Amino acid sequence: MTHHQNNEIKFCPYCGTPTQKKIVYEKVRVFCPDCNWVYYEDPKVAAAVLVQQNGSILLARRIFNPNKGEWTLPAGFIDAHEDPEQAAIRECLEETGLEVNISGLREIISGREHDRGADMVIVYDAEIIGGILTAGDDADEVAFFPLDQLPPIAFQATRKVIKSLIQKNNPS
Ligand SMILES: [Zn+2]
């Protein structure tokens, strides 16, 4: 996969020895020839919230590439050791100024879409419990949009969530 070429691990993080590569458990992996540490790459996991209000959904406009200027669900990476629901709540507050409660798990979307993207996104349903709608963090605008008047949407994952929402709202 091309997305690892720029941040390949060149030295063992434990003993500093230059790493080498070999096949470990059926994949080529970076390892340390001195202390035998093997780099098992972990997936990057993001959490997102779907907030609905009067038939509209909450979206945030991206200030960073890729897809700068397009709109996504409030979302961000889950930190190591962080509860995914708490990550979703934290990211929503940082990007939109709104305090939310998680009301359910909507779906988990897998597939990395760009070099710095997530390998999977956990999408929660969330309800507003406080705060004031204000763009922050990596969003420069936040707003509610009716499902039939959506702005340009960033990422297949966002489109997939919206599509399944529309299908659930209009069965058959
Ligand atoms: Zn080592």
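**Domains and overall layout**

I looked up the domains first, and the assignment for the protein chain, which comes from an automatic or database source, gives domain 1 (2-31) and domain 2 (45-169). The C-alpha centres of domain 1 and domain 2 lie 33 Å apart. I noted that this is a predicted model, in which local features need pLDDT of at least 70, side-chain atom pairs count only at pLDDT 80 or more, and totals for chains, interfaces and linings use all residues. Residues are numbered from 1 along each chain as its sequence is written, and side-chain values use heavy atoms, with hydrogens and water left out.

I then went through the secondary structure, where helices (H or I, at least four residues) and strands (E, at least two) are DSSP runs numbered from the N terminus. The protein chain has two helices and nine strands, and from the N terminus on they run β-β-β-β-β-β-α-β-β-β-α. Along its principal axes, the C-alpha trace spans about 60 × 35 × 30 Å.

**The zinc site**

Which residues hold the zinc ion? I found Cys-12, Cys-15, Cys-32 and Cys-35, each coordinating through SG, at 2.3 to 2.4 Å; donors here are N, O and S atoms within 2.8 Å of the metal (3.2 Å for Na, K and Ca), and since water is not among the atoms, sites may look incomplete. The angles subtended by the four donor atoms are 99 to 126 degrees, which makes the arrangement tetrahedral, a label that four donors receive if all angles lie between 85 and 135 degrees. Along the chain the donors follow the spacing C-x2-C-x16-C-x2-C. Cys-15 lies in the segment before strand S1 (20-24) and Cys-32 in the loop between strand S2 (27-31) and strand S3 (45-53), so this pair ties together parts that are 17 residues apart in sequence.

I also checked accessibility, for which buried means under 20% relative accessible area, exposed over 50% and partly exposed in between (1.4 Å probe, protein chains only). Cys-15 is partly exposed at 36%, whereas Cys-32 is buried at 0%.

**The nonpolar core**

I looked next for nonpolar cores, meaning sets of buried Ala, Val, Leu, Ile, Met, Phe, Trp, Tyr and Cys residues joined through side-chain atoms within 4.5 Å. The largest has 18 residues, and those with the most contacts inside it are Leu-50, Leu-59, Leu-73 and Val-123. At least two residues of this core come from each of S3, strand S4 (56-62), strand S8 (120-131), strand S9 (139-146) and helix H2 (156-169), and H2 gives the most, with four.

**Charges over rings**

I searched for charges over rings, counted if NZ of Lys or CZ of Arg is within 6 Å of the ring centre and within 35 degrees of the ring normal. Lys-22 lies over the face of Phe-31, at 4.2 Å from the ring centre, and the charged end of Lys-44 sits over the ring of Phe-77, 4.3 Å from its centre.

**Backbone details**

Where does Tyr-25 sit? I found Tyr-25 in the loop between S1 and S2, with a positive phi of about 45 degrees although it is not a glycine, and it counts as exposed at 66% relative accessibility. Asn-54, in the loop between S3 and S4, likewise has a positive phi, of about 50 degrees, and is exposed at 79%.

Finally, I noted that the peptide bond from Asn-65 to Pro-66 is cis, with omega near 0 degrees, and that Pro-66 is found in the loop between S4 and strand S5 (71-72).

Conventions
Tetrahedral: all angles 85-135°; square planar, octahedral: opposite > 155°, others 65-115°.
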